[in-house]
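Please keep the viewer open as you read.

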Amino acid sequence: MPLRPQMTIAAAEPEEGLSFIRQMGIEYVSLMLKPEELTLPFLSAQQERLAKHHLEISDVFCTPLQKNKKIHLGLPGRDEEITKFNRMLEVLGKAGIPFTSIAWQPDGILRTDWRVGEHTRGGVSMYCDQAEVLSKPLSAQREYREEEIWDNFRYFMDRVLPTAEKYHVAMALHPNDPPLACMTGVPSLIWNTQCYEKAFACAQNSPMLGMKLCVGCWLEAGAAFGDLMADIEKYSAQGKILCVHFRNVSAPLPVFEETLAEDGYGDMYAIMKQLVSCGCDAVISIDHAFRPLPGMGGMTGAAAYSTGYMKGLLDAARRELGKE
Ligand SMILES: [Mn+2]
């Protein structure tokens, strides 16, 4: 299938929000669920509600299971967390949801500020200064070695892949953001394309492990991450890209601010054309937006402009490349 624009919602998204999304010509939503919402009846009810707006769930994620300290650091209780993850895979499989997300970053996305940037015209956006990130204190009891993180990843994969394969639910692996080798005493799993190769090998190249190609992360690290255009071609051909994060930043590290697509250093039209010409079969979303302004429609309102711009680039790329 061709690229499919998508927006992220929570189950609490009001009816007007769903109508607004549909009016933008969006057909797919990424549904963020809380652990207690990960049941088949709850998910089925969400599917029915969304179907009334002609929206389909492209994927479901649950933040505490997607970024889980016990699993990532191999802490006591990780087997219980892995059991919960497998239960989620079973529920998603039974509901016909094709994939979920994982991001091997126990401390989440590391940024150093939310601020009005040089390029944001008063918009409050995320800002990252590498020196500040690298001077953050340890986030766990001790420092970890790179091999421990990979051992924990293998341990997880060995225990979830059979369930993923049984219920046919894939996992889209997002890079560490920012893509630095080690932060807060925890080595990163994915900070360049070689790391992806290693991760896929850990999963015996199962099609149930794919990638979330975060253009933002590639641009944050620049050439140190990989050759974005070549990587789009390679991983599109392999069918590894499940989701694209279409996001731009002002400059590669050591310092960047998150910008609108048209204001960053990445040539987002060239990137979109590469995705289209390579036949990338994935959902595509803007990833992050500026902080919502009060009274302007919350997260959905904040994401609307950038999503429309992304749709415009997609439409233009399809026309220019004759892939309408
Ligand atoms: Mn991303």
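Predicted model: local features only at pLDDT ≥ 70, side-chain atom pairs only at ≥ 80, totals over all residues.

Residues are numbered from 1 along each chain as its sequence is written, and side-chain values use heavy atoms, with hydrogens and water left out.

**Two helix pairs**

Helices and strands here are DSSP runs numbered from the N terminus (helices H or I, at least four residues; strands E, at least two). Axes are lines fitted to C-alpha atoms, for helices over the stretch in contact, and angles run from 0 to 180 degrees between N-to-C directions.

| Helix pair | Angle | Axis distance |
|---|---|---|
| Helix 8 (residues 193-202) and helix 10 (residues 228-237) | about 15 degrees | 12 Å |
| Helix 5 (residues 78-94) and helix 7 (residues 146-167) | about 25 degrees | 9 Å |

Helix 8 crosses helix 10 in a left-handed sense; a crossing is left-handed if the near helix is turned anticlockwise from the far one by less than a right angle, and right-handed if clockwise. Thr193, Tyr196, Glu197 and Phe200 of helix 8 make the contact with Asp231, Lys234 and Tyr235 of helix 10, where contact means heavy atoms within 4.5 Å. By class, this contact of helix 8 with helix 10 has 3 nonpolar, 1 polar and 3 charged residues. Ala, Val, Leu, Ile, Met, Phe, Trp, Tyr, Cys and Pro count as nonpolar, Asp, Glu, Lys and Arg as charged, and the others, Gly among them, as polar.

Helix 5 and helix 7 are also roughly parallel to each other, but helix 5 passes helix 7 in a right-handed crossing. Among the residues that meet are Ile82, Phe85 and Leu89 in helix 5 and Tyr155, Phe156 and Val160 in helix 7. The residues of this contact of helix 5 with helix 7 divide into 8 nonpolar, 4 polar and 5 charged.

**The manganese site**

Which residues hold the manganese ion? It is coordinated by His174 (NE2), Cys214 (SG), His245 (ND1) and Asp287 (OD), at 2.2 to 2.5 Å. Donors are N, O and S atoms within 2.8 Å of the metal (3.2 Å for Na, K and Ca); water is not among the atoms, so sites may look incomplete. Along the chain, the donors of the manganese ion follow the spacing H-x39-C-x30-H-x41-D. Cysteine 214, in strand 10 (residues 209-214), and aspartate 287, in the loop between strand 14 (283-285) and helix 12 (298-320), are 73 residues apart. Cysteine 214 is buried at 0% relative accessibility, whereas aspartate 287 is partly exposed at 22%. Buried means under 20% relative accessible area, exposed over 50%, and partly exposed in between (1.4 Å probe, protein chains only).

**Backbone details**

A cis peptide bond joins aspartate 177 and proline 178, with omega about 0 degrees. Proline 178 sits in the loop between strand 7 (170-174) and strand 8 (182-183). The bond from leucine 253 to proline 254 is cis, with omega near 25 degrees.

Histidine 54 has a positive phi, near 60 degrees, and is exposed at 57% relative accessibility. Arginine 121, with a positive phi of about 50 degrees, is exposed with a relative accessible area of 63%.

Terms used
Parallel < 35°, antiparallel > 145°, perpendicular 65-115°, else oblique.
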